Amino acid sequence: MEKPLLNTLDLEIGYQNQTQKKCIQSALNLSLYGGELICLIGPNGSGKSTLLKTLGNILPPLSGEVRFLDQSIHDYSASQLAKRVGLVLTERLDTPHLLAEEIIALGRYPYTGFLGKLREKDHDIITEVAHQVGVESLLKRPYDELSDGEAQKVMIAKVLAQQTPIMLLDEPTAFLDFPTKAALLTLLRKIAQQKNLLIILSTHDIELALKLADKLLLFPKHEEIIFGVPEDLVLQGTIKEVFQNEDIFFNMDSGHFESDFIVKASIEVNGVKAPSFWLKKALQRNHIGCKEDQDWKIHYQKDYQISYRNENLANLASIEEVLKFLKERGIGI
């Protein structure tokens with residue numbers, strides 16, 4: 001029977017000093033396995049970073065236990081932990097004069113022995129992870145001159161170079177553009193599956209997490225953590241319940257968060273799939289619903305054919321022209 005790479009026993013996380021204790025989450029009993037990408041989702045201050053820091057032995061638990069490979073985290077030495085857990089936090093390293101390549105090389109130091117000398121194998125690994133993350137062109141640049149997004153990718157390359165079975169990443173996509181975010185999360189999931197790693201990361205990109213994560217840890221504000229497969233959490237209504245507010249709602253049918261708008265008029269839209277789909281999006285944004293059997297109809301074949309009670313009124317080339325046509329007639333907008 002497969003054993004979890006990481007499990008927690010009645011874990012309580014938070015902060016404490018000599019005078020007071022602040023508990024953020026308690027009674028956490030998790031069993032997390034290799035080959036999975038786990039995404040932590042929730043508002044700021046809900047405990048995502050605190051959990052990652054506790055799992056990474058940066059913060060002590062208030063009570064309970066963290067176990068790696070069925071052994072207490074406290075039974076490992078610092079050098080042993082460095083070969084089992086890699087951690088990337090949101091704070092940038094204060095490392096003046098170091099090149100990006102040298103930052104990535106820090107991930108190899110648990111394996112380099114007392115003198116810390118990199119071997120040919122270490123250099124090969126640094127080159128490989130730099131290629132995987134797409135930072136080959138940054139290797140000879142000073143780390144402190146990189147943009148936030150570039151620096152974040154270098155740190156991800158560093159933790160990949162560390163080659164630990166468990167990786168903990170605090171908002172690794174925070175400073176990246178959307179295509180790069182999607183590509184990076186796809187890469188991390190691929191690495192987790194191919195190398196049987198456990199990768200746990202926090203993110204605010206809920207829709208990407210729904211598509212790519214194997215499991216979600218939801219952190220509702222001031223409520224207990226919810227853990228499960230993304231699709232189950234959608235079908236149970238949990239995603240909608242946790243993240244809905246007065247301005248947006250989660251559409252279970254489309255899998256997207258959408259604006260909640262007041263419908264002022266309705267139009268029937270049909271025709272070629274893609275143009276019709278995007279026209280509906282534009283109409284909804286302008287308070288026009290799309291239903292069958294309406295007096296107003298828009299059919300797309302080679303252009304947008306607008307009719308009222310079966311009388312053709314206009315053939316328009318773009319959605320912008322359609323919206324202008326409807327606005328001039330006081331429809332919806």
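Domain bounds in this report come from an automatic or database domain assignment. For this protein, that assignment gives domain 1 (6-245) and domain 2 (265-328). The centres of the two domains, taken over C-alpha atoms, are separated by 46 Å.

Before going further, here is some orientation. This is a predicted model, in which local features need pLDDT of at least 70 and side-chain atom pairs count only at pLDDT 80 or more, while totals for chains, interfaces and linings use all residues. Residues are numbered from 1 along each chain as its sequence is written, and side-chain values use heavy atoms, with hydrogens and water left out.

## The overall picture

Along its principal axes, the C-alpha trace spans about 85 × 45 × 45 Å. The radius of gyration, taken over C-alpha atoms, is compared here with a globule rule of 2.2 Å times the number of residues to the power 0.38. A compact globule of 333 residues would come out near 20 Å, but the protein has 25 Å.

The secondary structure comes to eleven helices and 18 strands. Helices (H or I, at least four residues) and strands (E, at least two) are DSSP runs, numbered from the N terminus.

A contact means heavy atoms within 4.5 Å. Among contacts between residues at least 6 apart in sequence, 61% join residues at least 24 apart.

## Surface and charge

Accessible areas come from the Shrake-Rupley method with a 1.4 Å probe, and for residues only the protein chains shown count as cover. The protein exposes about 17,900 Å², of which carbon and sulfur atoms supply 49%. A residue is buried under 20% relative accessible area, exposed over 50%, and partly exposed in between (1.4 Å probe, protein chains only). By that rule, 47% of the 333 residues count as buried.

For charges, Lys and Arg count as positive and Asp and Glu as negative, while His and the chain ends are not counted. Each charge is placed at NZ of Lys, CZ of Arg, CG of Asp or CD of Glu. The mean positions of the 37 positive and 45 negative charges are 2 Å apart.

Helix α1 (residues 48-55) is mostly covered, with seven of its eight residues buried. Among them are Leu51, Leu52 and Leu55, and also Lys48 and Lys53. Just after α1 comes Asn57, which takes a positive phi of about 70°.

Asp122 belongs to helix α4 (residues 120-133). Leaving aside neighbours within four places in sequence, Asp122 is in contact with Arg108, Thr112 and Lys117.

The loop between β8 (166-170) and α6 (178-195) holds Ala174. Ala174 and Asp148 are 26 residues apart in sequence, and their C-alpha atoms are 8.9 Å apart in space. Glu171 also has its place in the loop between β8 and α6. Its phi is near 50°, a positive value in a residue other than glycine.

Another positive phi, of about 65°, is found at His287, which is not a glycine either. His287 lies in the loop between α10 (273-285) and β15 (288-290).

How do these residues compare with the burial cut-offs? The table sets out their values.

| Residue | Relative accessible area | Class |
|---|---|---|
| Asp122 | 0% | buried |
| Glu171 | 18% | buried |
| His287 | 27% | partly exposed |
| Ala174 | 38% | partly exposed |

Glu171 counts as buried because its relative accessibility is 18%, and a residue is buried under 20%.
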